[in-house]
Amino acid sequence: MATITAQLNNAQLWLLRNRKWTVVALLLLALIFPLLVRFRILNAYSLSLAIDVLIYAIFAMSLDLLLGYTGLISFGHAAFFGLGAYILAYLSTRLTSNLLLTVPLVLLGTALAALVIGFFAVRTRGIYFLMVTLAFGQMLFSIAISWSSVTGGSDGLTGVPNPSLGLGPLNLAIDTRENFYFFTLAIFLISFWLLRRIVNSPFGWTLRGIRENDARLRALGVNTFRFKLAAFVVGGAFAGLAGLLQAHSASIASPENLYWTTSGQVMIMLLVGGAGTLTGPLLGAATVRLLQNFASTRTERWETLMGLVFIAFVLFLRGGLISLLRPRTTAETSRAQEII
Amino acid sequence: MSSTAILQVEHLSKHFGGLAALNDVSVQVERGARQAIIGPNGAGKSTLFNLIAGELVPTKGQVYLQGRDVTALPVHTRANFGLGRTFQRNNLFFGLSAFENVRLAVQHRRRLNRELFRAADKNDLLTRESHGLLQRVGLGERADQIVRTLAYGEQRALEIALALATEPQMLLLDEPTAGMSPAETTQMVRLIESLPRALTLLVVEHDMDVVFSLADRITVLHYGQIIADGKPNAVRANPLVQEIYLGVQT
């Protein structure tokens with residue numbers, strides 16, 4: 001027992017003891033955040049930054065289901081983020097921006113695309129999986145560039161209207177930045193809750209089993225292909241949901257949403273925050289976005305600076321920021337909880 | 001085909017390039033048998049095991065499991081037909097705890113793998129069964145320990161627990177005492193002896209004491225071919241076997 005206590009530093013112990021209150025405090029902060037902007041304690045831009053962080057946190061969580069939990073290193077996850085953005089942009093500029101319709105359609109469209117791409121990609125492993133997902137992502141990118149009658153070509157689909165929510169006369173327009181922030185926060189919380197249920201379920205444990213030892217799981221009788229495909233589809237759909245928010249937030253679906261640099265960026269967020277957890281992606285998205293914002297307003301060479309930061313993370317903090325706050329494994333957590 | 005045979009291997013050959021690792025091997029394992037496969041290094045024992053489990057595809061020949069031709073079926077399907085196995089080198093979920101390892105196998109057998117929204121931790125049936133299996137192989141105290149940090153012999157025992165968790169009808173044990181100390185070996189033999197008689201065992205083993213204390217039938221492989229097959233005493237008395245294999249030891 002004493003050895004375990006020694007492995008946990010004071011901050012980790014404090015967080016474990018006060019887990020509930022930490023969550024409550026963070027939630028309160030998220031809820032009053034727009035007030036800080038309204039009373040000019042923070043500038044108006046910080047609201048957009050917060051929306052951005054939440055969107056990318058959903059996107060990063062969706063990749064984490066593949067990368068952190070299942071051990072599938074996808075380098076084409078922007079395909080579903082971008083596809084979600086394009087489907088939303090197409091629907092809302094031509095048909096409706098009612099979320100009761102657009103959300104299910106985006107989820108369905110991105111899940112279907114993930115099913116088709118995953119059917120081929122999930123048969124491969126390691127570097128091959130990475131290359132196949134990258135290729136599919138770039139394929140969607142080139143379609144977005146060349147099929148301009150539908151996608152708007154290199155300009156993207158512009159003029160995405162604000163979303164609305166509701167039926168008939170009870171149609172609520174989400175037309176202020178503040179309302180959109182609350183909407184994004186709600187989607188983030190729902191996604192977090194759903195993904196938490198999923199990763200803690202027997203299904204989620206099977207995904208961890210695949211990450212640890214795919215062949216052994218097959219020897220136990222598990223058809224791991226199906227589970228990898230299922231993870232790919234669920235991850236794709238959540239990425240699509242993040243894409244929907246992105247298109248509304250920026251009023252545009254742009255080819256950049258599909259480009260491999262977007263895939264790379266979300267991967268870096270996982271690296272910085274810590275893969276294989278759900279809080280890690282949020283931490284990573286916040287850190288990377290805030291750091292980018294901070295650096296790019298101060299130096300032209302901010303991308304170089306970011307690169308150095310990421311190299312430092314890979315070299316010195318493999319588990320990401322989350323590893324500073326939390327015991328390394330579930331077993332350690334449960335034993336730590338016994339002590340407390 | 002005999003109706004009591006749980007496993008039937010017919011004219012099985014496996015070539016790796018020009019090398020015939022296994023050449024026209026036919027073996028039959030009766031239901032409830034405790035059969036051992038012995039032979040010098042490179043005799044083709046591991047190849048035969050991997051062909052039976054489905055890790056390798058044979059060049060020629062057929063594998064029947066409970067009367068069904070499984071030659072073309074993948075590993076996981078064969079496992080679901082009641083074939084469990086352990087590995088020569090510990091092959092586990094090293095980053096998870098011993099309990100979490102066993103639970104993965106139990107939740108598959110219980111058909112809970114597709115349960116998406118209820119926490120695995122809160123399923124009492126899963127927890128109880130997994131702990132029961134750990135206790136059965138003597139790892140009750142090690143449940144929450146990460147497998148990577150378990151002693152070698154404990155990892156060997158966990159291999160057995162994982163295989164048992166799927167409730168197989170036939171168990172392939174690939175050198176269960178490999179690399180073990182004499183004390184650990186004794187424990188492992190006792191564990192294997194304690195398995196229910198209804199469970200068919202096919203064991204590859206180097207330790208002759210272990211083989212003769214466990215097996216009621218022995219098959220001897222040499223250069224990819226069967227040179228003897230029968231009751232332990234008959235095999236022990238076989239002059240060819242004594243010359244090429246046992247002779248080296250006595």
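How many bridges join strand β7 of chain B to β8(B), and do the two run parallel or antiparallel?

Analyst: 5 bridges join strand β7 (residues 170-174) of chain B to β8(B), and the two run parallel. Residues are numbered from 1 along each chain as its sequence is written, while chains are lettered from A and ligands numbered from 1 in the order in which they are written. The model is predicted, so local features need pLDDT of at least 70 and side-chain atom pairs count only at pLDDT 80 or more, while totals for chains, interfaces and linings use all residues.

Some terms come next. Strands (E, at least two residues) and helices (H or I, at least four residues) are DSSP runs, numbered from the N terminus. Two strands pair if DSSP finds at least two bridges between them.

Now the strand itself. A residue is buried if 20 or more other C-beta atoms lie within 10 Å of its own, exposed if 12 or fewer, and partly exposed in between, with C-beta atoms placed from the backbone. In strand β8 (residues 200-204) of chain B, 5 of the 5 residues are buried, so the strand is largely enclosed by the rest of the structure. In a regular strand the side chains alternate between the two faces of the sheet. Thr200(B), Leu202(B) and Val204(B) point one way from β8(B), and Leu201(B) and Val203(B) point the other way. Residues on both sides are buried.

β7(B), helix α6 (residues 182-193) of chain B and β8(B) make a right-handed β-α-β unit. Right-handed means that, with the strands pointing away from the viewer, the path from the first strand over the helix to the second runs clockwise.

Last, the place where the chains meet. Two residues are in contact if their C-beta atoms, placed from the backbone, lie within 7 Å. The contact takes 34 residues from chain B and 24 residues from chain A. On the side of chain B that touches chain A, the elements giving two or more residues are α2 (75-80) and α3 (98-109) of chain B. α3(B) gives the most, with 6 residues.
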